[in-house]
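Student: I have a new structure to look at, and I'd like to learn how to read it. Can you take me through it feature by feature?

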Amino acid sequence: MAKWVLDAGHGGSDSGAVGKNGRREADIALQAVYEAKRLLERNGEIVLLTRASDIYLDVKDRVDIANSWDADYFVSFHMNSFVDNSVSGTEIVIFEKGNKSEELARFLKDELLANLKSKDRGIKEASYTILRQTKMAAVIIEADFISNEEVENNFDSIKYGYMVANACLAMVNKILIDTPVKKPKTPKREGWRICIGYYKDYEEAEEEVLRLQNEGFKDAYVVPYPEDNERVKKLI
Ligand SMILES: [Zn+2]
């Protein structure tokens, strides 16, 4: 079990890159971190989000959250953008190669490229504050180019979260399991009774009904407990 800080890039007054049709990088990142958090927690990992709503955080805030929580991994979710809107592709950015950050970056790159119709733009090194000052393995994901209209129209932020969770779990030797939580079905009946107690003794039950009726529960009545067949027969 590892401690993951999932960082939705941008937020609040900083929308990040905005596509031609108005999709905002900050919103995609936020939806993706929510899904990744859900899946990682479902698979026993511990997750902290730097932001859980559309608020502004600066780089220092994000670094401080990760360092003070003593996270094992820091994963920052972004979309790329470029003036030439024909450019597309996925890249992962780390501070330097040859460590756990690179290992995580490889899992992420493989997972994203396998699922997105996206070009491989590789794992890049960059001395960004957020990568340099975080004390744990840290990556920035640039999932694809929101400046590319086709990407903007088709990019699935929930799937983004799924892909990242899958890669993170692979990093800690786990396989993602996402069986739906079974909700009990509401049984079909003509009506419902409200139970107030179980009484071995019939007189005691009757007394309780009288007490309830006196307190204003005018419709209170005794019914036999169905599993005690002999008793049920006697009472009916
Ligand atoms: Zn960004």
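Student: Are H10 and H78 buried or exposed?

Tutor: Buried means under 20% relative accessible area, exposed means over 50%, and partly exposed is in between, using a 1.4 Å probe and protein chains only. Here H10 and H78 are both buried. For H10 the value is 17% relative accessibility, so this residue counts as buried. Keep in mind that this is a predicted model, where local features need pLDDT of at least 70 and side-chain atom pairs count only at pLDDT 80 or more, while totals for chains, interfaces and linings use all residues. Residues are numbered from 1 along each chain as its sequence is written, and side-chain values use heavy atoms, with hydrogens and water left out.

Student: Which residues coordinate the zinc ion?

Tutor: Start with what a donor is: an N, O or S atom within 2.8 Å of the metal (3.2 Å for Na, K and Ca), and since water is not among the atoms, sites may look incomplete. In this model the zinc ion is held by H10 through NE2, E25 through OE and H78 through ND1, at 2.0 to 2.1 Å. Along the sequence, the spacing of these donor residues reads H-x14-E-x52-H.

Student: What about phi at H10?

Tutor: Most residues other than glycine have a negative phi, and most peptide bonds are trans. H10 isn't a glycine, yet its phi is positive, about 65°. D70 is another non-glycine with a positive phi, about 60°. You'll find D70 in the loop between α2 (59-69) and β3, and D70 is exposed, with a relative accessible area of 56%.

Student: What does S15 touch?

Tutor: Contact means heavy atoms within 4.5 Å. Skipping neighbours within four places in sequence, S15 contacts H10, R24, E25 and A26. S15 lies in the loop between β1 and α1, and at 18% relative accessibility it counts as buried.

Student: And where is N80?

Tutor: N80 is in strand β3 and counts as buried at 13% relative accessibility. Again leaving aside neighbours within four places in sequence, its contacts include E91, E142 and D144.

Student: How do I describe two packed helices?

Tutor: Two packed helices are described by the angle between their axes and the distance between the axes. Axes are lines fitted to C-alpha atoms, for helices over the stretch in contact, and angles run from 0 to 180 degrees between N-to-C directions. Helix α3 (residues 100-115) and helix α6 (residues 157-171) pack at about 135°, with axes 9 Å apart. Angles under 35 degrees count as roughly parallel, over 145 as roughly antiparallel, 65 to 115 as roughly perpendicular and the rest as oblique. So α3 and α6 are oblique to each other. Among the residues that meet there are F107 and L108 in α3, and Y162 and M163 in α6.

Student: Which domains does the chain have?

Tutor: Domain bounds come from an automatic or database domain assignment. That assignment gives domain 1 (3-171) and domain 2 (184-236), and their C-alpha centres lie 57 Å apart.

Terms used. Helices (H or I, at least four residues) and strands (E, at least two) are DSSP runs, numbered from the N terminus.
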